[in-house]
Amino acid sequence: IGASLARMEHASAESHLRRALQLSPGMVKANLELGRLFTVLKRKYDAIEAYQAALKQDPDNVSARPLLAKQLQGVKRYDEAMAVVARAIEIEPENAAALKRYALLLSQSEKHDAAIAHAKKACDVAAKDPDAAFTLGLVLSAAGRNKDAIDAFNDALSRDPSWAKADKDQK
């Protein structure tokens, strides 16, 4: 029953967002919310389309870019994801979400030094964000720097002791 209710709520949310876009096609926020909804529903291609629509309306929207890049990465469009998130960093060099996503993409491309540098900058920019430290731990681990990775995961936990990702990753 719970899953059915959730599906109905998602369908209703999608319907309301699509109606808002019919009434006001230039609503960047509605496209962002639609993209987030599709992300939750694991509808990557629909999420990509929604985020691209938001960027078409507002090309310098730095909050849409890391979200789009994550979806592009999920469908193995890595070069496009890199370009999208690199542009976010050009627009706003201290955008933690963009720095974290770029670090993960660089790490995936085995550009470990650059990945670590971007992840460290994300940690500096978002000093209280456990996910920034976790991202640093991931890229350090991918670079084979396991002791440093464990330190980064511990830093994530020190930023928020209730945060579960880093604790789970160390076990």
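## Overall make-up

Of the 171 residues in the chain, 40% are buried. The model described here is predicted. Its chain holds 10 helices and 0 strands, and along the sequence these give the pattern α-α-α-α-α-α-α-α-α-α.

The chain has an accessible surface of about 9500 Å², and carbon and sulfur atoms account for 53% of that surface. When contacts between residues at least 6 apart in sequence are taken, 46% of them link residues at least 24 apart.

## Helix 3 against helix 4

Helix 3 spans residues 44–57 and packs against helix 4 at an angle of about 150°, the two axes lying 9 Å apart. An angle over 145 degrees counts as roughly antiparallel, and helix 3 and helix 4 are therefore roughly antiparallel to each other. Their crossing is left-handed.

On the helix 3 side, the contact is formed by Lys44, Ala47, Ile48, Tyr51, Gln52 and Leu55. Helix 4 contributes Ala64, Arg65, Leu67, Leu68, Gln71, Leu72 and Gly74. Sorted by class, the residues of this contact are 8 nonpolar, 3 polar and 2 charged.

## Helix 4 against helix 5

Helix 4 (residues 64–74) also packs with helix 5 (residues 78–91), here at an angle of about 165° and with the axes 8 Å apart. That angle makes helix 4 roughly antiparallel to helix 5. Helix 4 passes helix 5 in a left-handed crossing.

From helix 4, the residues in contact are Arg65, Pro66, Leu68, Ala69, Leu72 and Gln73. They meet Tyr78, Glu80, Ala81, Val84, Val85, Arg87, Ala88 and Ile91 of helix 5. The contact of helix 4 with helix 5 comprises 10 nonpolar residues, 1 polar residue and 3 charged residues.

Arg65, Leu68 and Leu72 of helix 4 take part in the contact with helix 3 and also in the contact with helix 5.

## Helix 7 against helix 8

The crossing of helix 7 past helix 8 is left-handed.

Helix 7 supplies His112, Ala115, Ile116, Ala119, Lys120, Ala122 and Cys123 to the contact. The residues from helix 8 are Ala132, Ala133, Thr135, Leu136, Val139, Leu140 and Ala142. By class, the contact of helix 7 with helix 8 has 11 nonpolar, 2 polar and 1 charged residues.

Key: Residues numbered from 1 in each chain as written. Predicted model: local features only at pLDDT ≥ 70, side-chain atom pairs only at ≥ 80, totals over all residues. Heavy atoms only, no water. Axes fitted to C-alpha atoms, helices over the stretch in contact; angles between N-to-C directions. Helix = DSSP H or I, 4+ residues; strand = E, 2+ residues; numbered from the N terminus. Parallel < 35°, antiparallel > 145°, perpendicular 65-115°, else oblique. Left-handed = near helix turned anticlockwise from the far one by under 90°. Contact = heavy atoms within 4.5 Å. Nonpolar A, V, L, I, M, F, W, Y, C, P; charged D, E, K, R; others polar. Buried < 20%, exposed > 50% of the residue type's maximum accessible area, 1.4 Å probe, protein only. Areas by Shrake-Rupley, 256 points an atom, 1.4 Å probe, with all protein chains shown as cover.
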